[in-house]
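This briefing walks through selected features of one protein chain, grouped by topic for reading beside the structure. Please keep the sequence and the 3D view open while working through the points.

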Amino acid sequence: MSKTESRIQAAHEAYAARALVLQGGGALGAYQAGVYQGLNEAGIRLTDLAGISIGALNAAIIAGNPLEKRVERLQEFWDLICQPYVGPGTNALMEQGLFQINDLARQFLGAMHAGSALLVGQKGFFRPRFPPAALAASLDPCNVGHYDTRPLKDTLESLCDFDRINDGGLHVSVGAVNVRTGNFTYFDNRKTRLRAEHFMASGALPPAFPAIEIDGEYYWDGGLVSNTPLAHVLQQRPERDTLVFQVDLWSARGPVPHSINEVGDRIQDIRYSSRTRMVTEEMRAQRKMQQLLRQVLDQVPEAQRQKDPACRQASELASGARSNVIHLIYRDKSYEQHFRDFQFGPATMREHWAGGLQDIHDTLSHPHYLAMPDNSAGFITHDVHRDEIEESMGGSKG
């Protein structure tokens, strides 16, 4: 084991909880698979998995397989869903060759794959509903969507061992929205026996996909309310020192649009990444308040803390737990367009996967990122891209 590997092992094992938090983003989710491969290769053993939408599907594959099979099963999943339902498809070597020519060829392939997804669906994932739901005056809520997602249920049940998911080896939680109440819900394997439907519900994005029925209630994609499950992970009780790898598929940073298509791109980025930023900053502020409350309580004599109701309540709210959130954020390419989240295709998938693997390699080449925050900080974040930009500009890291 190299010196860097030893430092990574020692640093990550200092945390009571080591979580992988996966955001929604459709076809971009192959980036998350690359990140997981890098974590697995580095020997970082997770205790918690939380996902929304495509992040929930990746979480199902990871949690539903033994450690030595997880990357292989992720590859099977992405190889399957990045093939069209019908037609001969694109020869992989031909596609890879076209993909390497120039940005125009990449745009052509992207448009072709996005069009294929819209017209014929994706194998093992979804297919167009016939007759179309729009032609029916009233349907069962499980059929009100442009596409049928029953193939996804078969895929998850073939690639995942749900007994393993529910055995408690990994704490797994996925977010969805109750269609009737509008409330956000987490399906958690510590409270509920998870089935394929729970993961499908987290990714049931309307109006493309229909609601998923679970125990008499109907659920849509969790990204309608919040696209990141970070708060759910950090608010677990009892609170623990937690290392979080938060994998985001939408970047807040981006150029000012110069075309109407670029406007669509920025709308998607801002809409989904802003929620991530908001949640992160809220958790930073909450952790600071909990730390300050703990410090104030430490100045109160033990006898008074036990006797005073206000002190007892404050003790329940206070926390000395520390959080280290390491961001890995997909940076979209200049040739990617507004349909990149349903731009399925083997070459694009491989590029996204390779990007996630490279970003986690770059991140872990800075072992100090994994260091436990000191008690005064309580909450820190790292992003290798942000830090590199600030270093090149002579700024300081945040």
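**Helix packing around α4**

Helix α4 packs with helix α7 (residues 150–159) at an angle of about 160 degrees, and the two axes lie 11 Å apart. The model is predicted, and the protein chain averages a pLDDT of 86, with 91% of the residues scoring at least 70.

*α4 with α7*

- Because an angle over 145 degrees counts as roughly antiparallel, α4 and α7 are roughly antiparallel to each other.
- The crossing in which α4 passes α7 is right-handed.
- On the α4 side the meeting residues are Arg-73, Glu-76, Phe-77 and Leu-80, and on the α7 side they are Leu-152, Thr-155 and Leu-159.
- Sorted by class, the contact of α4 with α7 is made up of 4 nonpolar, 1 polar and 2 charged residues.

*α4 with α2*

- Helix α2 (residues 30–41) and helix α4 (residues 70–81) have axes that come within 10 Å and cross at roughly 165 degrees, which means that α2 is roughly antiparallel to α4.
- In this pair the crossing of α2 past α4 is left-handed, whereas the crossing of α4 past α7 is right-handed.
- From α2 the contact draws on Ala-30, Ala-33, Tyr-36, Gln-37 and Asn-40, while α4 contributes Arg-70, Val-71, Leu-74 and Trp-78.
- The residues of the contact of α2 with α4 comprise 6 nonpolar, 2 polar and 1 charged.

**Strands that pair with β8**

- Strand β5 (residues 171–178) pairs with strand β8 (residues 217–221) in the antiparallel sense, over 3 bridges, and within β8 it is Trp-220 that stands opposite Val-177.
- Strand β7 (residues 212–214) also runs antiparallel to β8 and is joined to β8 by 3 bridges, with Tyr-218 in β8 as the bridge partner of Glu-213.
- The strands β7 and β8 form a hairpin with 2 residues between them, and Asp-215 in the turn has a positive phi of about 50 degrees.

**Backbone details in the loops**

- The peptide bond from Phe-130 to Pro-131 is cis, with omega near -5 degrees, and Pro-131 belongs to the loop between β3 (127–128) and β4 (147–148).
- Another cis peptide bond joins Pro-206 and Pro-207, where omega is about -5 degrees, and Pro-207 is in the loop between α9 (196–202) and β7.
- Ser-53, a residue other than glycine, has a positive phi near 60 degrees, and Ser-53 is found in the loop between β2 (48–52) and α3 (54–63).

**Confidence**

- Which average pLDDT does the protein chain have? The average is 86, and 91% of the residues score at least 70.
- Over residues 392–398, however, the pLDDT is below 50, although in the model this stretch has 9 contacts beyond near neighbours in sequence.
- Where pLDDT is low, the predicted coordinates should not be read in detail.

Conventions. Residues are numbered from 1 along each chain as its sequence is written. This is a predicted model: local features need pLDDT of at least 70, side-chain atom pairs count only at pLDDT 80 or more; totals for chains, interfaces and linings use all residues. Side-chain values use heavy atoms; hydrogens and water are left out. pLDDT is the predictor's confidence in each residue, from 0 to 100. Contact means heavy atoms within 4.5 Å. Two strands pair if DSSP finds at least two bridges between them. Helices (H or I, at least four residues) and strands (E, at least two) are DSSP runs, numbered from the N terminus. Axes are lines fitted to C-alpha atoms, for helices over the stretch in contact, and angles run from 0 to 180 degrees between N-to-C directions. Angles under 35 degrees count as roughly parallel, over 145 as roughly antiparallel, 65 to 115 as roughly perpendicular and the rest as oblique. A crossing is left-handed if the near helix is turned anticlockwise from the far one by less than a right angle, and right-handed if clockwise. Ala, Val, Leu, Ile, Met, Phe, Trp, Tyr, Cys and Pro count as nonpolar, Asp, Glu, Lys and Arg as charged, and the others, Gly among them, as polar.
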